[in-house]
Amino acid sequence: MSSYVGVHLSDPALQNHFTQVELRSLKSKFINLRRESLEPGKVTVASLPSFMVKLKGVNEVLSEEEIREILGEYYPDTSNEIDFEALLRVYLNLQARAAAKLGGTKHASSFVKSSTTTTQHTISESEKASYVAHINACLTEDNILKDYLPLDPTSDALFNLAKGGVLLCKLINVAVPGTIDERAINTKKVLNPWERNENHTLCLNSAKAIGCTVVNIGTQDLVEGRPHLVLGLISQLIKIQLLADLNLKKTPQLLELVDDNQDVEELINLPPEKMLLKWMNFHLQKSGYKKQVSNFSSDLKDGEAYAYLLNTLAPEHCSPATLDTKDPTKRAKMVIEHAEKLDCKRYLTPKDIVEGSTNLNLAFVAQIFQHRNGLTVDSKMMSFAEMMTDDDQVCREERSFRLWINSLGISTYVNNLFEDVRNGWVLLEVLDKLFPGTVNWKQSNKPPIKMPFRKVENCNQVVRIGKDLKFSMVNVAGNDIVQGNKKLILAFLWQLMRSNILQLLKNLRFHSQGKEITDADILNWANSKVKLSGRTSQMDSFKDKRLSNGIFFLELLSAVEPRVVNWSLVTRGENDEDKKLNATYIISVARKLGCSIFLLPEDIMEVNQKMIITLTASIMYWCLQQGVESSEPSEPEISTENSASQCAPSDGEVDVSAEGVSNLSINGADSVTAANSEASQAENESKTQTP
């Protein structure tokens, strides 16, 4: 596998302002700016305004002229040469000025110029202690980690243990069991840099595959154990774990919270946090509590809502003193003691309740729900809830597209695909992310949207853009999306994924001809790669039923990186149990390699054509990308973003070059790049499938 080199700065305080993903992206842009400058190899102050105006946090806030004026305050001589670290300080200053402009404060921040800058990312010691307690409770019997547990919450033991990647991979499986095949984790006591990088690549790609937002986290950030990023990821994993049952499929009794069919539809579409609040208010209303809880912070500070909730759910443990006391801290302490009698673990303190810690309060309420939800089991409700859920195929596709969208880093987080796209806004965000400049934001309506015709306007624009992109949109109108036509929505998103991967691969040229890669090229590449490795498996198409045993994909993975597959763990795939073992291993090995994929083992076992294309193409993209990286002439720490490098042909396969391929995270840890890799390949074959 390709080696990994991070971007390291001489000023540690300056380095703490940026993740490795951001540094690699900015370094790549800086290298390109230096190459394209009027004086090659030299970046001057004069060249910065046109460059800075395009960067995140500055664009759309400061004009090029405003940037030039700000720079003039500190660099009167525009011929001054700027190095990379000076450029970063300029960028931070412009971000601060942009924020001040939006907030109305004229000089909100001083210029970050000297190496004595001390701004650090802060972490909550209380949250850290809570997460350590959670880890100690959940993983204390783990065969690999038991020698390192329990962790001391007052030390940096958590961050040191996270550096190897095993802990985070294990937490992902606690959050969503079976996500990672633990046979793919490198578990030696002493890991070399490649093995650590593999574990973190597996961790980040798997975290994306269960809904975590990891757009600005790179493997090097985790290797360094950067506290705010490690805690942020752990927080998301614990939240996913604790909210896992807050849906009708897992807990059909939640139907008790609503009265009619319209309310049921609204309930189905609630994100888990909102569902938890609705559940809490349902019981508070029954208990006679007069207030409405609308958040997990200020509304819970006095502890009264907790006291009423627990007295309703567990009256056998209640004490009148909980409500009688006037001291919020004393009440909070009694609430926690009350909850412990329900076997809720002590993950927060009275101080956390009084101070309104959102994350810890949410975790506490979710724990109470898990141990005693106070809802009745009604056979009619159970059967009704079953009727409301989609079939497995639709559920799997909804999941894949939802996770893919969330991996792109758009501002809206999608909880329920079919509901969240109906106002058109999410689809416009995705289109703008994949095809910048295609969306007319002046004619777009931002949520919340109360008037139905405004939603139709958004969706009509989506349809127009789809047609401009040559998507199959026959007899499709914006109102079809507003009405939640699931078949149409899935077909449109599939075309988006396909188009996305094509956008990445269209610059790969065959034998210097301007030929775009097609599904046949992907298939032929995979067969050629396996054959040239000395193995005999081949696939006739992406629907070839022989693929269900997983052997072909394991041979393909082994062909692109011989040491990544442990053949002693592979079965012959002769029955469903063995097929699932192989399929689970394939997904984890591919993610460990650097592929960002969102399929499930069942997609391989059932030979789901769309997901098979994304898997094959993702492996192909990763393989070709390694050729691009290995051919970089200099600056080994930078990404391939905006670079034009030749990919040397290997083993007699197609000769390709890659131009302008964005890969902000080495080995595919960046969500957009790797997700693109599956999306685009998904594109190729499915042209015949979309309506």
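Asp-343 is exposed, because its relative accessible area is 56% and exposed means over 50% (buried is under 20%, partly exposed in between, with a 1.4 Å probe and protein chains only). Asp-343 sits in the loop between helix 16 (328-340) and helix 17 (350-355). Its phi is near 75 degrees, a positive value in a residue other than glycine. Helices here are DSSP runs of H or I with at least four residues, strands are runs of E with at least two, and both are numbered from the N terminus.

This is a predicted model, in which local features need pLDDT of at least 70, side-chain atom pairs count only at pLDDT 80 or more, and totals for chains, interfaces and linings use all residues. Residues are numbered from 1 along each chain as its sequence is written, and side-chain values use heavy atoms, with hydrogens and water left out.

Lys-470 also has a positive phi, near 70 degrees, in a residue other than glycine. Lys-470 lies in the loop between helix 23 and helix 24 (478-482). At a relative accessible area of 74%, Lys-470 is exposed. Most residues other than glycine have a negative phi, and most peptide bonds are trans.

Now the cis peptide bonds. One joins Leu-149 and Pro-150, with omega about 0 degrees. Pro-150 belongs to the loop between helix 6 and helix 7 (157-162). Another runs from Pro-447 to Pro-448, with omega near 0 degrees. Pro-448 belongs to the loop between helix 22 (425-434) and helix 23 (452-468).

Step back to the whole chain. The protein has 31 helices and two strands. Of its 691 residues, 56% are buried. Take the contacts (heavy atoms within 4.5 Å). Among those in the protein with a separation of 6 or more, 65% are between residues 24 or more positions apart.

Next comes helix packing. Two packed helices are described by the angle between their axes and the distance between the axes. The axes are lines fitted to C-alpha atoms, for helices over the stretch in contact, and angles run from 0 to 180 degrees between N-to-C directions. Angles under 35 degrees count as roughly parallel, over 145 as roughly antiparallel, 65 to 115 as roughly perpendicular and the rest as oblique.

Start with helix 6 (residues 125-139) and helix 11 (residues 227-242). Their axes are 11 Å apart, at an angle of about 55 degrees. The two helices are therefore oblique to each other. Their crossing is left-handed, meaning that the near helix is turned anticlockwise from the far one by less than a right angle (clockwise would be right-handed). Helix 6 brings Lys-128, Tyr-131, His-134, Ile-135 and Cys-138 to this contact, and helix 11 brings Leu-231, Ile-234, Ser-235, Ile-238 and Gln-241. By class, the contact of helix 6 with helix 11 has six nonpolar, three polar and one charged residues. Ala, Val, Leu, Ile, Met, Phe, Trp, Tyr, Cys and Pro count as nonpolar, Asp, Glu, Lys and Arg as charged, and the others, Gly among them, as polar.

Helix 6 also packs on helix 8 (residues 166-175), at about 75 degrees with the axes 11 Å apart. That makes helix 6 roughly perpendicular to helix 8. Here Ile-135, Cys-138 and Leu-139 of helix 6 meet Leu-167, Lys-170, Leu-171 and Val-174 of helix 8. The contact divides into six nonpolar, no polar and one charged residues.

Which way do helix 14 and helix 18 run relative to each other, parallel or antiparallel? The axes of helix 14 (residues 304-313) and helix 18 (residues 358-371) come within 12 Å and cross at roughly 10 degrees. That makes helix 14 roughly parallel to helix 18. Tyr-306, Leu-309, Leu-310 and Leu-313 in helix 14 touch Asn-361, Phe-364, Val-365 and Ile-368 in helix 18. Seven of these residues are nonpolar, one is polar and none is charged.

Beyond helix 11, look at Asn-247. Asn-247 is in the loop between helix 11 and helix 12 (261-268). Asn-247 is partly exposed, with a relative accessible area of 27%. A polar atom of its side chain lies 2.9 Å from the backbone oxygen of Ala-244. The side chain of Asn-247 also reaches the backbone nitrogen of Lys-250, at 2.8 Å. Leaving aside neighbours within four places in sequence, Asn-247 is in contact with Pro-252, Leu-254 and Met-275.

Finish at helix 27 (residues 551-560). Helix 27 is mostly covered, with 10 of its 10 residues buried. Among them are Phe-552, Phe-553 and Glu-555.

Technical notes:
Polar contact = N/O pair within 3.5 Å; in protein donor to acceptor, adjacent residues only side chain to side chain.
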